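Subject: Structure handover

Hello,

Please find the structure below, with the sequence alongside. My notes on what was found in it follow.

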Amino acid sequence: MKKAVLAFALSTAGALALAQATPAGLWRTIDDDGKTEKSLVRIEESAGVFSGRIEKIADPAKADAKCGLCGGALKDRPMLGMTVIDGVRPSAREPGLYDGGEILDPSKGKSYKVRLKPVDGGKKLEVRGYVGAPMFGRTQTWVRAE
């Protein structure tokens, strides 16, 4: 009986650790200064595809901000609730990496290709937005909020 309980506990802990090693969850986005929290983004998975939307804007003065620089259907839409990550899938080439989608920078109104990589046991997420090849971009480290 003790072996069965131990086996169950270990398998449950392994499943929880694996779940934390994906980009799914609630993330504190950190500004390029590495200190300032900008927003909370919830990344969800559906049928193997990850997308993320802005759930909260940290600065109360910007809570009603609109995407004035965005084009098309997003022009002048509220940033709160906006989908900023879309079409991301597990990488076929590199385990633990998620790519193939896009990320929107609503403050600039521009979309970039994106790579997501959970690090530090899934406590942090390296988010790299780039144009063309990953070497032509920048990385932010987001922190898991839950």
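Two strands are said to pair if DSSP finds at least two bridges between them. Strands themselves are DSSP runs of E with at least two residues, helices are runs of H or I with at least four, and both are numbered from the N terminus.

This is a predicted model, in which local features need pLDDT of at least 70 and side-chain atom pairs count only at pLDDT 80 or more, while totals for chains, interfaces and linings use all residues. Residues are numbered from 1 along each chain as its sequence is written, and side-chain values use heavy atoms, with hydrogens and water left out.

Overall fold

The protein chain has one helix and eight strands, and their order along the sequence is α-β-β-β-β-β-β-β-β. The eight strands form a closed barrel, β1-β2-β3-β4-β5-β6-β7-β8, with antiparallel pairing. From one strand to the next the twist averages 30°. That angle is taken between N-to-C directions, on a scale from 0 to 180 degrees, using axes that are lines fitted to C-alpha atoms.

The protein chain exposes about 9000 Å², and carbon and sulfur atoms supply 58% of that area. Accessible areas come from the Shrake-Rupley method with a 1.4 Å probe, and for residues only the protein chains shown count as cover. Of the 146 residues, 29% count as buried. Buried here means under 20% relative accessible area, exposed means over 50%, and partly exposed is in between (1.4 Å probe, protein chains only).

A contact means heavy atoms within 4.5 Å. Among contacts in the protein chain with a separation of 6 or more, 37% are between residues 24 or more positions apart.

Strand pairs

Strand β3 (residues 49-57) pairs with strand β4 (residues 83-90) in the antiparallel sense over three bridges. In this pair, R53 is opposite T83 of β4.

Strand β5 (residues 98-105) pairs with strand β6 (residues 110-119), again antiparallel, over six bridges. E102 stands opposite K113 in β6. The β5 and β6 hairpin has four residues between the strands, and G109 there takes a positive phi near 70°.

β6 also pairs with strand β7 (residues 124-130), antiparallel, over seven bridges. V114 stands opposite G129 in β7. The hairpin of β6 and β7 has four residues between the strands as well.

The core

A nonpolar core is a set of buried Ala, Val, Leu, Ile, Met, Phe, Trp, Tyr and Cys residues joined through side-chain atoms within 4.5 Å. The largest one has 21 residues, and I43, I85, L116 and W142 have the most contacts inside it. The elements that give two or more residues to this core are β2 (37-46), β3, β4, β5, β6 and β7.

Which residues does I85 touch, not counting residues up to four places away in sequence? They are I43, F50, S51, G52, E102, I103, L116 and W142.

V143 and its surroundings

V143 lies in strand β8 (residues 137-144). Its relative accessibility is 31%, so V143 counts as partly exposed. Leaving aside neighbours within four places in sequence, V143 is in contact with L26, W27, R28, I30 and K123. V143 and L125 are 18 residues apart in sequence, and their C-alpha atoms are 6.4 Å apart in space.

The disulfide

The structure holds one disulfide, a term used for a pair of cysteine sulfur atoms within 2.5 Å. C67 and C70 form it, with their sulfur atoms 1.7 Å apart. The torsion about their S-S bond is about 50°, so the disulfide is right-handed. Both C67 and C70 are buried.

D76 is not a glycine, yet has a positive phi of about 60°. D76 sits in the loop between β3 and β4, and its relative accessibility of 45% is why it counts as partly exposed.

D120 is likewise not a glycine and has a positive phi of about 55°. D120 belongs to the loop between β6 and β7. At 48% relative accessibility, D120 counts as partly exposed.

Regards
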